[in-house]
Amino acid sequence: MNRYALFLGCTTPTQVIQYELSSRWVCKHLGIELVDIDDFVCCGINQINLSQEAGLMLAAMNLAHAEAKELDILTLCAACTGALAEAVESLKDQETRDRVNRKLQTIGLKYNGRTKVKHISRVLYEDVGIDRIKIKIKRDLSKFRVAPHYGCHYLKPESAFEGFDDPDNPKTLHQLISATGAFPVQYETLNLCCGGKSFPISKEPAFYLVQKKLDNIMGKKIDCMVVQCQTCYLMYSDQQKVINGRFKKQYNVPVLLYPQLLGIALGGDPINDLGLNSNTVSLNSLLAKGEINKQL
Amino acid sequence: MKQDNSQSEPIRISKLDPKFKSEVMKHKDAQGLNACFACGTCTAGCPVHEIFPEYDPRKLAKMVKLGMRKEVLSIPYIWYCVTCHNCEQRCPQNVKFFNILNVLKNMAAKEGYAPSPWVEQTQQIMQTGIVFPKDEELAKKRESFFLPVLKSDCKKAKKLIELAGLDKIKAKKQS
């Protein structure tokens, strides 16, 4: 049995609850035990903008809490993954760790450098494995043509991810999509960022980048896009609707979080287990194509 | 594509700050700056540069080297970085421009240029431990999905933020 401390982050448990719901369901179904830690706080990624030291300390606080429970961390958000994994890397340096620990000491914590951080997709890929996922598939999704989107912090900075996948030519999400029976479609702007991280400062980069990717994948006859980060989800799904209104566009690309796609394939209830009815772009036509008899 | 006119102003040597580069490079993460030979691979791979040519990692690196302190720290575009890490991922000299930019943003924040969304997020973390409020409506919504009550240790987070001096950073006044 694989046990992990579930790191929800800020946005998933408040704005994209279906990601949390489907992740918990998928993990339970595949034998990954998730432990909720009440003391976890924001990973600190946005605070790095104003103070790298503060960002590192918030990350270290979370790492210390997981370590105290002798658990590694399972993340859902790509940005939390990047921030925490980068902190693990920075804190391998004894001088940095001593400096951070002097501050953590004032709140009764210490980090010894033992916590590992893994994104849920990496856990599914490495701990469960493609072959074991395939055995559990109950629904036929072979008609789905899916555009994968990795999310920048899932694999970058490269130094923090032990060569788990190649950030310039990533394959793991493609394989995880294949494992569900769906077909992962390759496209030119695969590695293009969603723009979500500077969205609170300026909407323009995201509006441009989202359209660039949607224009690209709309020409590929895809049925949906699959993301593995709630910020990417919000950009491609919620902002897709905003862009349609603001720029008079007619994008209609359903966007799923990976555990939702996997959950469908594993036979999960589309609403109660996977929250598909919460997704902003309707998934009804997708479900109809997969001959899944459920109206969202 | 917008026109880039930002190169039209002449650089006045008397206005440069010769200590700026060493101040930036004092930070461990920014020490690679000297290795930059201005090939522009960072800029070529930057998605923000595509829409805002004024945001130019290669040019920023050069400006830091020249000592253009005020110009660099006051550029609003330094806050537009989408944090995709392409600049450092693709750099043939292994310069961590992403980290250099963070050093620059931290310096700009101390000098009064911090954008209000980041300051507000910090204040929110001190209250709830995350960047969003936790209200009754959220609690009901989570309950309807049979999800556990959302908790976080905001007191410890607040203490760390204060220890790092982040609570002292004020947002840039709107002009």
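1. Strand E1 (residues 2-7) of chain A runs parallel to strand E3 (residues 72-75) of chain A, and 4 bridges join them. Strands pair if DSSP finds at least two bridges between them; helices (H or I, at least four residues) and strands (E, at least two) are DSSP runs, numbered from the N terminus. The model is predicted: local features need pLDDT of at least 70, side-chain atom pairs count only at pLDDT 80 or more, and totals for chains, interfaces and linings use all residues. Residues are numbered from 1 along each chain as its sequence is written, while chains are lettered from A and ligands numbered from 1 in the order in which they are written.

2. A:Leu74 of E3(A) is the bridge partner of A:Leu6. A:Leu74 also has A:Lys118 as its bridge partner in E4(A). Strand E4 (residues 117-119) of chain A pairs with E3(A) in the parallel sense over 3 bridges.

3. In chain B, helix H8 (residues 116-128) packs on helix H10 (residues 154-163) at an angle of about 140°, their axes 6 Å apart. Axes are lines fitted to C-alpha atoms, for helices over the stretch in contact, and angles run from 0 to 180 degrees between N-to-C directions. H8(B) contributes B:Thr122, B:Ile125, B:Met126, B:Gln127 and B:Thr128 to the contact, and H10(B) contributes B:Cys154, B:Ala157, B:Lys158 and B:Ile161.

4. Between the chains, 48 residues of chain B are in contact with 45 residues of chain A (C-beta atoms, placed from the backbone, within 7 Å). H10(B) gives the largest share of the side of chain B that touches chain A, 7 residues.

Notes:
Two residues are in contact if their C-beta atoms, placed from the backbone, lie within 7 Å.
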